[in-house]
Amino acid sequence: MRDWLRSVPAPEEVRLPSGGVIFERFEAFLADLPLLCAELNLDEAELIYNDYTTLVVEWLRKHAG
């Protein structure tokens, strides 16, 4: 699944981890999602695309690496 992310050339300093690593990080995000929603007074079942992407970006900033 991750290979479609490599279809667009990226700068050399951008490294894409393996599919397993991506999946582990996604699972970690999903585990944190209820707390993130609670902090922002959002209902996880009612998240719209922009809410979800904002949460993803914030989570990635806090969990870089």
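Is Phe29 buried or exposed? Select Phe29 to find out: its relative accessibility is 3%, so the residue counts as buried (under 20% relative accessible area, with exposed over 50%, partly exposed in between, a 1.4 Å probe and protein chains only).

Before you go on, note that this is a predicted model, where local features need pLDDT of at least 70, side-chain atom pairs count only at pLDDT 80 or more, and totals for chains, interfaces and linings use all residues. Residues are numbered from 1 along each chain as its sequence is written, and side-chain values use heavy atoms, with hydrogens and water left out.

Next, look for aromatic pairs: rings of Phe, Tyr and Trp (its six-membered ring) whose centres lie within 6.5 Å, called stacked with planes under 30 degrees apart, edge-to-face over 60 and tilted for the rest. The count comes to two.

Phe29 sits in helix 1 (residues 19–39) and Tyr52 in helix 2 (residues 49–62), so the pair ties together parts 23 residues apart in sequence. Helices here are DSSP runs (H or I, at least four residues), numbered from the N terminus. Tyr52 is partly exposed, at 29% relative accessible area.

Now select Trp59. The ring centres of Phe29 and Trp59 are 5.9 Å apart with planes at 80 degrees, so this pair is edge-to-face. Trp59 is buried, at 5%.

Finally, show Phe29, Tyr52 and Trp59 together: ring pairs link them into a cluster.

Terms used:
Helix = DSSP H or I, 4+ residues; strand = E, 2+ residues; numbered from the N terminus.
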